[in-house]
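Thanks for making the time this morning. I would like to walk you through one structure, starting with the chain as a whole and then turning to a few residues and the ligand.

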Amino acid sequence: MKLKFAILLLVILMLTACSEEKAFLTIAVDGEQKTIDTEAIYNSTEAVVFPAVVRSSGEKPVETEYKGVELSTLLAQNNINAADYDKITFIAADGYRIILSTAELSEPNNFYITFERDGEILMSKKQGGNGPFQLVIRRDPFSQRWVKHVNEIILE
Ligand SMILES: Nc1nc2c(c(=O)[nH]1)N[C@H]1C(S)=C(S)[C@@H](COP(=O)(O)O)O[C@H]1N2
Ligand SMILES: [Mo]
């Protein structure tokens with residue numbers, strides 16, 4: 001009986017471990033979807049820290065520091081030339097999406113795929129966070145176009 005209980009417990013533990021979502025991010029170009037190595041993003045030497053004011057609905061603005069990789073850098077690392085496409089769509093785990101014109105991307109130091117806020121790795125939606133990745137647009141002061149839980153990028 002004890003053994004049966006122990007096995008049951010073990011099975012439950014294994015299932016819980018498996019259901020833990022792994023951070024993922026894909027970029028699709030020309031109808032082909034690539035999965036980005038998220039460890040490479042976390043460990044990127046190109047990642048930068050910058051200040052940002054977070055305006056979350058119903059709360060006072062909060063001054064924070066985000067860490068992320070500039071979008072143009074991420075695209076270049078994946079051999080993608082944004083200028084070859086018209087628009088770029090960012091899709092989040094909750095269905096939220098925004099579309100930018102690729103012409104906007106040439107603006108430097110504005111678009112970042114972030115993964116850390118105030119030195120803490122961004123948690124997923126399930127864990128109560130804005131991550132694992134969040135598109136932060138530095139010169140979008142009201143942050144409507146910031147995309148929490150972004151996991152799919154499409155250029156077309
Ligand atoms: N994935 C996702 N990102 C999102 C949203 C959302 O609903 N889902 N809302 C947007 C809006 S309207 C704002 S103002 C900011 C801040 O949203 P919050 O108030 O829910 O934190 O996130 C933006 N990014
Ligand atoms: Mo909003």
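Let me begin with helix α1, which spans residues 2–19 and includes L15. Please keep in mind throughout that this is a predicted model, and that what I quote has been computed from it.

L15 is exposed, because its relative accessible area is 57%, and the cut-off for calling a residue exposed is over 50%. L15 also belongs to a nonpolar patch on the surface, which it forms with L3, I7 and V11, and together these four residues have about 400 Å² of accessible area.

Now let me step back to the chain as a whole. Its secondary structure consists of three helices and ten strands, and, if you follow the sequence along, these elements come in the order α-β-β-α-β-β-α-β-β-β-β-β-β. Taken along the principal axes, the C-alpha atoms fill a box of roughly 65 × 40 × 30 Å. The chain has 156 residues, of which 40% are buried, and it exposes about 9,600 Å², with carbon and sulfur atoms supplying 55% of that area. If we consider the contacts with a separation of 6 or more, 57% of them are between residues 24 or more positions apart.

Is N78, as one residue to look at in detail, buried or exposed? N78 sits in the loop between α3, residues 71–77, and β5, residues 87–92. With a relative accessible area of 15%, N78 counts as buried, since the cut-off for buried is under 20%. As for what surrounds N78, once we set aside its neighbours within four places in sequence, it is in contact with I27, K34 and I36.

That brings me to the ligand. Which residues come nearest to ligand 1? There are 13 residues around ligand 1, and the nearest of these are S56, S57, D94, W146 and K148. For three of them I can give you distances to particular kinds of atom. D94 places a polar side-chain atom 2.8 Å from a nitrogen atom of ligand 1, whereas W146 has a backbone N or O atom lying 2.5 Å from a nitrogen atom of the ligand. In the case of K148, a polar side-chain atom lies 2.7 Å from an oxygen atom of ligand 1. On its own, ligand 1 has 510 Å² of accessible area, and the protein covers 73% of it.

I will stop there and take your questions.

Notes:
Residues numbered from 1 in each chain as written. Chains lettered and ligands numbered in written order. Predicted model: local features only at pLDDT ≥ 70, side-chain atom pairs only at ≥ 80, totals over all residues. Heavy atoms only, no water. Helix = DSSP H or I, 4+ residues; strand = E, 2+ residues; numbered from the N terminus. Buried < 20%, exposed > 50% of the residue type's maximum accessible area, 1.4 Å probe, protein only. Contact = heavy atoms within 4.5 Å. Patch = residues over 30% accessible without salt bridge, like charges linked within 9 Å, V, L, I, M, F, W, Y side chains within 5 Å. Areas by Shrake-Rupley, 256 points an atom, 1.4 Å probe, with all protein chains shown as cover. Salt bridge = Lys/Arg side-chain N within 4 Å of Asp/Glu carboxyl O. Near = heavy atom within 4 Å. Polar contact = N/O pair within 3.5 Å; in protein donor to acceptor, adjacent residues only side chain to side chain.
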